Amino acid sequence: MKVISYMVPVVMLLLSFFYNNNPFVVKEEAQQAFQLLNTIRSNPEKYYKELHLNAKLTITKKALRWNDTLAKVAEAKALDMAKRNYFNHVNPDGYGINYFIQQSGYKLNADWLKDKKENFFESLATGHDSGTEAIKSLIIDAGDASKGHRDHLLGIGDWDASLYDIGIGFVKCDGGKYQSYTCIIIAKHDW
């Protein structure tokens, strides 16, 4: 029994090295990503070739507003993915970003948006050297697989064009599955 009591802390320590990859938030990368996204929205023509965008897309020119509450939620989500070594819109406990936005005090505009597993406001990326690289990779029009993120970030379509508050979390990791995690939340506050 004494051997087991000594083994438990040793096993826990070894497991902590597997899951603890020293993630840290890089706010400057989040701000640069935010600036780039607003620049692309205001002058999409300049980015048609680089981002493989169809000139017929109706990209909103509405500028996004930085929201500190959404930024904290995005940072927390990116940190959680890094610490627990997963990449998904729903965390291992079954909660999606709609739930965390609502829990932060940022009021969503409809009861159906509060479902714990839903995501109508989040784009995720992993493995990028910078926040601007993450934005570009999510926008590149590569067919149906990237359409949802592209539409979300560029405000294409009535729903996405109605959203204007943004928060971005960019997290770097020393180890683990990915070198970085990016969470971008664009939503609309219900006053």
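In strand β4, K172 is the bridge partner of F24. The model is predicted, so local features need pLDDT of at least 70, side-chain atom pairs count only at pLDDT 80 or more, and totals for chains, interfaces and linings use all residues. Residues are numbered from 1 along each chain as its sequence is written, and side-chain values use heavy atoms, with hydrogens and water left out.

Start with the parts list. The protein chain has seven helices and five strands. Helices (H or I, at least four residues) and strands (E, at least two) are DSSP runs, numbered from the N terminus. Read from the N terminus, the order is α-β-α-β-α-α-β-α-α-α-β-β.

Now return to β4. This strand covers residues 165-172. Two strands pair if DSSP finds at least two bridges between them. Strand β1 (residues 24-25) is joined to β4 by two bridges, and the two run antiparallel. Strand β2 (residues 65-66) also has two bridges to β4, but here the strands run parallel. There, R65 has D165 of β4 as its bridge partner. Strand β5 (residues 180-187) pairs with β4 over eight bridges, in the antiparallel sense. Within that pairing, G169 stands opposite C183 of β5.

How enclosed is β4 by the rest of the structure? Largely, because seven of its eight residues are buried. Buried means under 20% relative accessible area, exposed means over 50%, and partly exposed lies in between (1.4 Å probe, protein chains only). Across the 191 residues of the protein chain, 43% count as buried.

Next, look at the rings. Rings of Phe, Tyr and Trp (its six-membered ring) pair if their centres lie within 6.5 Å; planes under 30 degrees apart are stacked, over 60 edge-to-face, and the rest tilted. The count by this rule is eight aromatic pairs. In one of them, Y178 and Y181 have ring centres 5.7 Å apart and planes at 90°, so this pair is edge-to-face. Y178 is partly exposed, at 24% relative accessible area. Y181 is buried, at 0%.

Finally, step back to the whole chain. Contact means heavy atoms within 4.5 Å. Among contacts between residues at least 6 apart in sequence, 68% join residues at least 24 apart. The chain exposes about 10,000 Å², and carbon and sulfur atoms supply 56% of that. Accessible areas come from the Shrake-Rupley method with a 1.4 Å probe; for residues, only the protein chains shown count as cover.
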